[in-house]
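Me: I would like to go through a structure together, topic by topic. Could you take my questions as they come?

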Amino acid sequence: MTLRLAVVGLAISLALAYGAVVPRQDDFLFETIQSFLVEPEAYASAFGFSRSKRSSGDWDKEFNLNSVGASVKIKYDDPNNQLKGGKAQISIDNLKQYVKRARSSKVQLDIKFDGGDSPRDGLFSLEVAYELHHQGVEKGVFTAVRSKKSGMWETELVNKNTQKPNVDPIFKSFEIKMKSDRRTMLVGSYRSDRGYDYTFNVDRVPGKKVDAVLEGNGRKYVLNGVLDKAEKLVTVDLDANGFKYKLTADVESTDDKVALDVKVNLGSAGSYSVEFDAKRDLTSAGLDIKFNNNDFANFKMKGKADWGNMRFKHELRYSAVGFGNGKFRFMRSPTKDGGKLKIQWTPDQGLGAEFEGKRLLTANNGMQLYGKGSRNDEKYFEYNLNFEPVLDSDGYEMKVNSEFEFFNTNSVLYKAFCTYGCFMKRTLTSRMYVNKDKPYKVDFDLSLMKDAAEVLKADINTKQSPYVFKLIAPRILPKLLPTGRESIEFEADHNPGSYLHVKSNTNMLSSFNVDKLSNGMRKVELNGKELLQADFSKADNTISQTTTLPDGRSLTTTVSWESDNMKKNHVNLKLDGTERQLDAHFNWDVTNPAAMTMSGKGKGNNKRWGNYQIERDVKMSSKAGVFKLDLDGHAEFEKYFMPSPIETKLRVMLDTNNKEYMIEANKDFNGRKMGVTLNNGKLSLSL
């Protein structure tokens with residue numbers, strides 16, 4: 001407790017002494033509400049909410065987090081002047097499901113905010129009526145009002161319980177009153193049903209000193225802070241109801257180094273000292289912490305660095321209570337075609353650890369990565385990754401192969417990967433070929449092995465008919481697909497002007513055939529059944545089939561298309577069944593290689609996903625030897641094993657003239673972001 005008081009004292013004195021005004025927590029509240037009103041999307045995104053496409057008539061904006069049954073609704077007094085104020089409603093069906101330590105399950109907040117005549121004068125009123133469900137129902141009203149009278153800002157915060165639960169309420173009634181000129185003085189009081197009754201008084205000389213007194217419940221706390229700018233010294237004295245504490249902070253800063261010396265005297269509880277110094281070029285640094293003049297922790301770093309060429313060599317020696325003694329060594333050196341990295345940890349007692357890494361740039365901006373981790377000269381894991389671009393006159397090929405092998409199950413990495421499925425050796429083999437002039441002609445193969453089992457296999461070929469799409473993932477797909485199937489497989493045999501034969505392993509579309517007959521008419525078969533023979537006009541491009549099982553379950557599949565042009569079309573797919581519904585639309589136009597577009601949007605419902613929607617938009621171009629692809633995706637699932645909504649971004653650039661490439665992939669799972677970028681052989685991750 002005494003240490004916390006000392007830290008609070010230092011924070012207050014620094015804030016006031018270095019030119020800040022008297023504390024303005026009410027400003028923080030005011031600015032937070034204003035920013036929430038103007039940009040609620042930023043707050044919603046941070047907490048994983050997705051905005052409803054259409055809001056009801058009673059509200060201007062609505063956001064939902066379906067996984068916990070949470071919603072936020074906002075109504076503005078004036079939509080053209082959102083800072084003027086309005087009302088909001090926040091409800092959560094089960095907060096405990098989202099925050100394990102929460103005391104309440106259902107929570108509802110009804111908020112009213114009035115920004116006054118001007119959004120810039122800082123005057124406002126706020127009312128929050130809350131309802132909390134926990135061992136009964138707790139209700140109350142919190143109000144915050146700020147006004148200005150005779151040049152003084154007055155703030156009043158009040159919470160009143162209107163209905164108490166069967167136990168003590170989470171928020172007991174309280175009242176806080178403050179008055180300040182925002183520069184030299186602050187006075188106020190705090191009273192609560194918890195038995196607290198305090199008054200506080202702060203006097204300040206800007207840039208020189210601050211004096212504060214907190215008194216109540218038979219206790220008195222006096223804080224005095226002084227800033228000596230010439231000596232760059234801050235001194236804080238705290239009298240905590242008769243217990244004396246003192247803190248000093250001395251700062252030195254020059255063009256080439258910085259130093260900080262902090263001393264804290266906690267009376268009978270002891271004293272701390274913290275000394276830190278470092279050169280600005282990071283060739284040396286030190287941190288020394290003592291308690292009662294005895295060493296508590298000590299760190300010393302020395303090294304050499306050429307940051308322009310990313311060459312450095314450092315050694316950090318440490319000695320700390322509870323951690324013992326030891327040293328770290330960090331070394332990196334550039335090579336002709338890459339670089340080497342080495343990290344060593346050598347404790348005085350116990351096993352050390354070492355990591356070695358190498359990066360080698362190869363032809364056509366290819367890259368090889370190698371990493372090895374060991375302890376006490378015993379290899380724990382080894383990793384190899386190879387990117388091999390190949391360029392020919394017709395197209396661009398990228399080969400990616402990797403091997404990740406563990407040699408000791410005590411490895412921290414091994415245990416981390418076991419969260420997703422243990423393995424001793426993982427091998428990835430993949431290849432992708434893209435036609436330079438017709439980038440929609442693709443040949444892609446991928447195989448991922450874990451030990452002796454193939455856990456992922458992909459085969460996509462659109463270079464020539466029959467076109468193939470196969471994705472086999474026995475450990476992943478059963479968790480994603482409503483059918484629990486381990487693979488998705490499609491094959492399309494197309495002879496323009498003669499026939500189109502599509503077959504798959506899906507329930508909704510096992511086969512789909514369109515054959516042109518000798519009389520010019522066309523025969524259409526869906527799932528092995530002939531539907532019709534007809535001479536199609538544009539308005540008649542629709543087929544439908546209903547399948548009914550003996551147990552009464554049924555599914556009606558309806559497919560419609562705009563034209564017979566395979567390079568530009570609009571296709572609709574509708575499923576209407578007892579266990580699933582889907583309304584999907586697909587558009588593509590690849591007639592102009594310099595400006596190609598594809599999109600797919602679908603909304604549906606099934607037992608595994610509940611209500612869901614999936615959207616993908618693709619833009620591609622191939623011009624003057626440069627191929628670009630931009631993919632943006634959005635998905636929402638009512639029931640899913642990953643957090644929802646899910647945002648997807650993929651950016652690809654292949655410059656065959658200059659032999660350059662860039663691949664950037666990003667995923668956002670309900671605010672949890674991750675991404676990977678490969679830029680001309682340089683790999684970076686973001687989490």
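This is a predicted model: local features need pLDDT of at least 70, side-chain atom pairs count only at pLDDT 80 or more; totals for chains, interfaces and linings use all residues.

Me: Let us start with the strands. How many bridges join S18 to S19?

Reply: Strand S18 covers residues 284–291 and strand S19 covers residues 294–306; eight bridges join the two, which run antiparallel. Within this pairing, Ser284 stands opposite Lys302 in S19.

Me: And how many residues lie between S18 and S19 in their hairpin?

Reply: The hairpin of S18 and S19 has two residues between the strands. In that turn, Asn292 has a positive phi of about 55°.

Me: What about S19 and S20, in which sense do they pair?

Reply: S19 pairs with strand S20, residues 311–320, in the antiparallel sense, over ten bridges. Lys300 is found opposite Arg317 in S20. These strands also form a hairpin, with four residues between them, and Met310 there takes a positive phi near 55°.

Me: Now the cysteines. How many disulfides does a search of the whole structure find?

Reply: The search finds one disulfide. Cys418 and Cys422 form it, with their sulfur atoms 1.9 Å apart.

Me: Is that disulfide right-handed or left-handed?

Reply: The torsion about the S-S bond of Cys418 and Cys422 is about 130°, so the disulfide is right-handed. Both partners are partly exposed: Cys418 has a relative accessible area of 23%, and Cys422 has one of 42%.

Me: How many salt bridges does the structure hold?

Reply: The structure holds 25 salt bridges. One of them joins Lys209 to Asp211, whose closest N and O atoms are 4.0 Å apart. Lys209 is partly exposed at 39% relative accessible area, as is Asp211 at 26%.

Me: Take Glu382 next: buried or exposed?

Reply: Glu382 counts as buried, at 18% relative accessibility. Its salt-bridge partner is Lys379, and the closest N and O atoms of the pair are 3.6 Å apart. Lys379, in turn, is partly exposed, with a relative accessible area of 32%.

Me: How far apart are the closest N and O atoms of Arg651 and Asp632?

Reply: In the salt bridge of Arg651 with Asp632, those atoms are 3.0 Å apart. Arg651 lies in strand S43, residues 646–655, and Asp632 in strand S42, residues 626–637, so the pair ties together parts that are 19 residues apart in sequence. Arg651 counts as partly exposed at 22% relative accessibility, and Asp632 counts as partly exposed at 29%.

Technical notes: Residues are numbered from 1 along each chain as its sequence is written. Side-chain values use heavy atoms; hydrogens and water are left out. Two strands pair if DSSP finds at least two bridges between them. A disulfide is a pair of cysteine sulfur atoms within 2.5 Å. Buried means under 20% relative accessible area, exposed over 50%, partly exposed in between (1.4 Å probe, protein chains only). A salt bridge is a side-chain nitrogen of Lys or Arg within 4 Å of a carboxyl oxygen of Asp or Glu.
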